[in-house]
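Please open the model in your viewer and keep the sequence beside it.

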Amino acid sequence: MQQNKLFVGNLAFSSSEQDLEAVFGQYGELQEVKIIMDRETGRSRGFGFVSFVNPSDAEAALAANGQDVGGRDLRVNFATERTGGGGGGRRDNNRGGFERRY
């Protein structure tokens, strides 16, 4: 199965989606560019995703791996789907606070 979505890691926190468009747009038509933001702080988490219309363009864009953008060398790989888990947070049954005893 050919993929058209790339993971882009090691982004400078100051990098914008427009910066990614400039880097990856040279490899082909982009479908979506997304930098993942921290929910609490609103700052970049240092990674994002780039989707291409054509899977062959995504393959060619792997050449951007190691390219310097904003003073950092990009890490570029095909994106993989997360499996299971989800949610994060605490894994025990402690809901915080105190335990009622009757």
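A residue is called buried when its relative accessible area is under 20%, exposed when over 50%, and partly exposed in between, using a 1.4 Å probe and protein chains only. Strands (E, at least two residues) and helices (H or I, at least four) are DSSP runs, numbered from the N terminus. This is a predicted model, in which local features need pLDDT of at least 70 and side-chain atom pairs count only at pLDDT 80 or more, while totals for chains, interfaces and linings use all residues. Residues are numbered from 1 along each chain as its sequence is written, and side-chain values use heavy atoms, with hydrogens and water left out.

Of its 102 residues, 27% are buried.

Next, select strand β3, residues 44-52: seven of its nine residues are buried, so the strand is largely enclosed by the rest of the structure. Strand β1 (residues 5-9) runs antiparallel to β3 and is joined to it by five bridges, and K5 has S51 as its bridge partner in β3. Strand β2 (residues 30-37) also pairs with β3 in the antiparallel sense, over six bridges, with V50 of β3 as the bridge partner of V33. In the hairpin of β2 and β3, six residues lie between the strands, and G42 takes a positive phi near 75°.

Which residues touch the most other members of the largest nonpolar core? Select L6, V8, L20, F24, V50, F52 and L74, which do so within a core of 16 residues; such a core is a set of buried Ala, Val, Leu, Ile, Met, Phe, Trp, Tyr and Cys residues joined through side-chain atoms within 4.5 Å. Helix α1 (17-24) gives the most to this core, with three residues. Centre the view on L20, which touches V8, L11, G25, V33, I35 and V50, not counting residues up to four places away in sequence, where contact means heavy atoms within 4.5 Å.

Technical notes. Two strands pair if DSSP finds at least two bridges between them.
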